[in-house]
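Subject: Structure for you, with notes

Hello,

Here is the structure I promised to send over. Please open it before you read on.

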Amino acid sequence: MNQLTLIPLLPLLGFLVNGLFGARLPRRLVALIACALPAAAFALSFGLFRWLADGGAPVEVTLFAWAALEGFQVDAALWFDPMAAVMCLLVTGVGTLIHLYSVAYMAEDESFARYFAYLNLFLFFMLLLVLGKNLLVLFAGWEGVGIASYLLIGFWFKDPEKTAAGIKAFVVNRVGDTAFILAAFLLFFHCGTLDFQGIAATFAAGAPTPGMTNLIALLLLIGACGKSAQLPLHVWLPDAMAGPTPVSALIHAATMVTAGVYLLARLSGVFLQAPEVMTLVAWGGAATALIGASMGLTQFNLKKVLAYSTMSQIGYMFMACGLGAFNVAFFHLTTHAFFKACLFLGAGSVIHALHGEEDMRRMGALARKIPLTFATFLVASLALCGVPPLAGFFSKDEILWNAWAAPGGSPALWLVGALTAGLTAFYMFRAIFLTFFGPCNLAEQQLKKIHEAPPAMAVVLVLLAGASLAAGLIGLPGLWRQWLGVSAPFYDFLAPVLGGAGEGALADHHLELLLMLVSVAVALGGILLAWLFFLRRPEWALRTRQRAGYAYTLVSRGYFFDALYQQVVVRCLDWFSEGLLARRVEIPLNESILNKPAGGVRGASRLFSRLQSGNVKAYVFYVFVGLALVLWWGVAHV
């Protein structure tokens, strides 16, 4: 129990120490505190994970009674079950590696201590989110992650563009959070509790009505879409690249954007009773995956390519959740944490070597100059593309199999997923060929200063690349398990909370093998096309872009979502608030309730101020006049 309490408190301690005293501490001590405390939290998480893996019961700790009214009580309670265990290991493990990487990456930054204080704060809130036993504790972490992400995205706040990006992320997330709050109120009203187990039991018993169940599930979905950057609340994600690159890795890999997937899985008991919303989750995830991948095709900023990739991969996870394969979504969440962290940190190594350059058009021929960065970036890219036997192949292929075979799946849904896989391979190897191959587009000064990642960054890249290679082996698909006669430890571990491996999918292994081969062929085809367009025949890419015309403009500008929101939503709200409410309601109300009484008070004060003349004879006169009025009033009422 003490171990569980310490897991979120250790990063919080790091935030307090570095936030309050870091400016006066040596940088080495700041880095030691910032890295050691998350590492200790990882060690504690691993110890509790071993407890569960050995057959131990989930661990619960009640810290205090948060709210206690007649017939209602909400405790500040932590809950460590298999789902929370996986998330804690990812958050603390990948988070610790990102902290270590940041020591070298941010070494010259003047706000070194503030950076690590914010990073520790982010981990604290994310751990609070995944360890909460009820919706209120989860929501506290949910909102805290939003605040911490605002601080990290706008870390270089002296740059107005970066500050605006932090504000945008904060505001867009508030839209989803509003729906989340409404869902929480409805859950409490109909379930009488905010405890996850109580909510699941209520919905399993058939209450509330189907219409209300669908409404609650829809509101929860909107909240998840905001945090996980799914359509139509995805617009904050590309701008979140304004923060330091390790921050991008932390937000995109295993923490903030996966919070929506965690919410769907944690409240799977609600969604399983809302089949219409489940269909919306599946198709919404598929649409997000496809649109995100298409937007990644046209970006030249290396970090933005990875940002749209994250949006697309989270769409895969939503698609799996919508098909009822919550355990498969969690497996892809796990493998994605490793290869996406490796990709972002690899991009950071490139940017670090080029002293801040992010535009791939100003790169090229870097493979021989920074070979370690190239090798790790290539491994992580192959994992993302789903090339066997890397980690992404196993998790992505299991999602595609469920898209075809699970109840609610269809060939059309599989086709969208497979097309997305092909686009993913194309834009990732487009990024590789533009960055690491082809002609060198660097300035002479940059060429002289290029350097490989320092040891602290290099070690982290190698570890994440190794995990991108091997992590898929813990969740082998049913076809492979049958061939090799082994189990899937990942699915077995999550079975008590999310069901067993392959649940809900047809056991036609011949069809599964065929679809697997097709998906691999599609990925390899995407890689081949990227090689032709950006290495072998680069003029083809230019010609295709020119012929695409408006279609290219549409995709490169993110389908004009930002422009639509600015011109329609923001302007309409401005008109409603300033043009209608202010003129027709606020100003008249202010005039009648505040200005007129205030004017009367001012007039009375001016009148009485004239009586304060300093003339003693006048004061005596006023006394006698007042006495006469009192006597007159008394005689008149006798």
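Below is what I found, starting with the whole chain and then going region by region.

**Overall**

Please keep in mind that this is a predicted model. The chain holds 27 helices and two strands. Its C-alpha trace spans about 115 × 65 × 55 Å along the principal axes. There are 638 residues, and 53% of them count as buried.

**Two helix pairs**

Two packed helices are described by the angle between their axes and the distance between the axes. I picked out two pairs.

Start with H13 (residues 275-296) and H14 (residues 302-322). Their axes come within 7 Å and cross at roughly 160°. An angle over 145 degrees counts as roughly antiparallel, so that is how H13 and H14 run relative to each other. The crossing of H13 past H14 is left-handed. On the H13 side, the contact residues include Gly 285, Ala 286, Ala 289, Gly 292, Ala 293 and Gly 296. H14 brings residues including Tyr 308, Met 311, Gly 315, Tyr 316, Phe 318 and Met 319.

Met 126, Leu 129 and Val 130 of H4 meet Ala 259, Tyr 262 and Arg 266 of H11. By type, the residues of this contact are five nonpolar, no polar and one charged.

**The buried side of H7**

Next, look at H7 (residues 196-204). Which of its residues are buried? They are Phe 196, Ile 199, Thr 202 and Phe 203. These residues cover an arc of only 125° around the axis, so they sit on the same side of H7.

**Backbone points to check**

Most residues other than glycine have a negative phi, and most peptide bonds are trans.

- Pro 208 is in the loop between H7 and H8.
- Leu 231 to Pro 232: this peptide bond is also cis, with omega near 0°. Pro 232 belongs to the loop between H8 and H9 (236-239).
- Ala 229: phi is positive, about 55°, although this residue is not a glycine. Ala 229 also lies in the loop between H8 and H9. Its relative accessibility is 0%, so Ala 229 counts as buried.
- Tyr 559: phi is positive here too, about 60°, and this residue is not a glycine. Find Tyr 559 in the loop between H25 (550-556) and H26 (561-611). Its relative accessibility is 27%, so Tyr 559 counts as partly exposed.

**Two single residues**

First, Cys 440. Its place is the loop between H18 (411-436) and H19 (444-449). Cys 440 is partly exposed, at 34% relative accessible area. Which residues does Cys 440 contact, leaving aside its neighbours within four places in sequence? They are Met 363, Gly 364, Ala 365 and Leu 447. Phe 42 is 398 residues from Cys 440 along the chain, and their C-alpha atoms are separated by 42 Å.

Then Asp 492, which is found in H22 (residues 489-498). Asp 492 is partly exposed as well, with a relative accessible area of 44%. How far apart are Asp 492 and Asn 327 in space, C-alpha to C-alpha? The distance is 9.7 Å, and the two residues are 165 apart in sequence.

That covers the list. Write back with any questions.

Best wishes

Key
Residues are numbered from 1 along each chain as its sequence is written. This is a predicted model: local features need pLDDT of at least 70, side-chain atom pairs count only at pLDDT 80 or more; totals for chains, interfaces and linings use all residues. Side-chain values use heavy atoms; hydrogens and water are left out. Axes are lines fitted to C-alpha atoms, for helices over the stretch in contact, and angles run from 0 to 180 degrees between N-to-C directions. Helices (H or I, at least four residues) and strands (E, at least two) are DSSP runs, numbered from the N terminus. Angles under 35 degrees count as roughly parallel, over 145 as roughly antiparallel, 65 to 115 as roughly perpendicular and the rest as oblique. A crossing is left-handed if the near helix is turned anticlockwise from the far one by less than a right angle, and right-handed if clockwise. Contact means heavy atoms within 4.5 Å. Buried means under 20% relative accessible area, exposed over 50%, partly exposed in between (1.4 Å probe, protein chains only). The arc is that of the directions from the helix axis to the C-beta atoms. Ala, Val, Leu, Ile, Met, Phe, Trp, Tyr, Cys and Pro count as nonpolar, Asp, Glu, Lys and Arg as charged, and the others, Gly among them, as polar.
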